[in-house]
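Dear colleague,

Please find below the structure that I am handing over to you, together with its sequence. My findings come after it.

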Amino acid sequence: MTAPIPRDIPDLPAIPRTHALLLSSVPASAVVTPARRPLAAVLRLLLAGTAAAGVTLALLLGSPLRVLSHFAIQSNILLALVALLSARRAWTARRPLPAALTGAALLYVTITGLVYHLLLADAATPFSVTGTATAPTGWHLAAGQLIHTVTPTAAVLDWLLLTPPGRLRLRRAVTWMIYPVAYLALSLTRAQLIPVGTPGRYLYPFFDVEAHGYKHALANALLLGLSFYALAVLLVALDHVRPNPISRRLKTGFRLGPPVG
């Protein structure tokens, strides 16, 4: 004996909607196979070698402790390490280094080149070392050109020709200023530990308190700091307006940036 089938089946209650579906964006690296960039790896390896060669030559020609105290030497060492790591990642198709790190290396080595050519090597400025007893010659001149001219120029070309744009962020500009400010403080502290009148007490003439006094030396430091910050902002702005030299179109018609750089 079976139970009678009811003629009218009551409507089932609606299932309450607890939340709305959220759209999620999938990064290109999750759907596009990472590609090796052997040319970029080789060129960045050459960049690291150039920076290392300049630093090594300077160390062989002078007192290692004093040479390593220069901002130019430290910026070249940082660039060499960053370029070496970037070359390895490009060769093995890994994700690029954080833009905060690569941007800092680019900024510091650009500062090295600009300060040398606009202040130290220009005979028209009061801080020029051209034509004085401290003017570099011979192998010293070769090391100086590698550190202050060749390496900064190569770093800027690497940024313009081998790096996708739009990665630098304006909020990093303030963070990048921590190192120059710390270097200024350490440089002035170092000078206080060296007897007055000792040659090379101040590594850079615009920080020479003996020649200019504390007031002018700190004013020079303030002007340089503001100029460095303006340069950092300029690099970020240029990074967002420059064309992408390594963009490519896939068959889908979407333009995707390279997964590694």
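The notes that follow cover the overall fold, the core, the surface and several individual residues.

This is a predicted model, in which local features need pLDDT of at least 70 and side-chain atom pairs count only at pLDDT 80 or more, while totals for chains, interfaces and linings use all residues. Residues are numbered from 1 along each chain as its sequence is written, and side-chain values use heavy atoms, with hydrogens and water left out.

Overall fold

The chain has nine helices and two strands, these being DSSP runs numbered from the N terminus (helices: H or I, at least four residues; strands: E, at least two). Along the sequence, the pattern reads α-α-α-α-α-α-α-α-α-β-β. Of the 261 residues in the chain, 35% are buried; buried means under 20% relative accessible area, exposed over 50%, and partly exposed in between, with a 1.4 Å probe and protein chains only. Taking contacts (heavy atoms within 4.5 Å) between residues at least 6 apart in sequence, 72% join residues at least 24 apart. The chain exposes about 16,100 Å², of which carbon and sulfur atoms supply 70%; accessible areas come from the Shrake-Rupley method with a 1.4 Å probe, and for residues only the protein chains shown count as cover.

Nonpolar core

A nonpolar core is a set of buried Ala, Val, Leu, Ile, Met, Phe, Trp, Tyr and Cys residues joined through side-chain atoms within 4.5 Å. The largest such core has 49 residues, and those touching the most other members are L107, I111, W176, Y204, F206 and F207. At least two residues of this core come from each of α2, α4, α5 (99-120), α6, α7 (172-176), α8 (178-192) and α9 (209-241). Helix α5 provides the largest share, eleven residues. Setting aside residues up to four places away in sequence, L107 touches W176, M177, F228, L231, A232 and L235.

Salt bridges

Counting a side-chain nitrogen of Lys or Arg within 4 Å of a carboxyl oxygen of Asp or Glu as a salt bridge, there are three. In one of them, R44 pairs with D158, with the closest N and O atoms 2.9 Å apart. Because R44 lies in helix α2 and D158 in helix α6, this pair ties together parts that are 114 residues apart in sequence. Both R44 and D158 are buried.

R201 forms a salt bridge with E210, where the closest N and O atoms are 2.5 Å apart. R201 is buried, at a relative accessible area of 7%, whereas E210 is partly exposed, at 42%.

D239 and R242 form a salt bridge as well, with 3.0 Å between the closest N and O atoms. D239 counts as buried at 1% relative accessibility, and R242 is buried with a relative accessible area of 11%.

W159 lies in helix α6 (residues 138-162) and counts as buried because its relative accessibility is 9%. Its side chain makes a polar contact with the side chain of D239 at 3.1 Å. A polar contact is a pair of N or O atoms within 3.5 Å; within protein, one must be able to donate a hydrogen and the other to accept it, and residues adjacent in sequence count only if both atoms are side-chain atoms. Not counting residues up to four places away in sequence, W159 touches L106, L168, L235, L238, D239 and R242. W159 and T102 are 57 residues apart in sequence, and their C-alpha atoms are 9.1 Å apart in space.

N76 is located in helix α4 (residues 71-91) and counts as buried, at 0% relative accessibility. The side chain of N76 reaches the backbone oxygen of I147 at 3.3 Å. Leaving aside neighbours within four places in sequence, N76 is in contact with A51, V55, V109, T112, L146, I147 and T151.

Surface patch

L39, V42, L43, L46 and W91 form a nonpolar patch on the surface, with about 490 Å² of accessible area together. Patches are made of residues with over 30% relative accessible area and no salt bridge: like charges are joined within 9 Å, and nonpolar side chains (Val, Leu, Ile, Met, Phe, Trp, Tyr) within 5 Å. Helix α2 (residues 38-61) gives the most to the nonpolar patch, with four residues. L46 is found in helix α2 and counts as exposed, at 53% relative accessibility.

With kind regards
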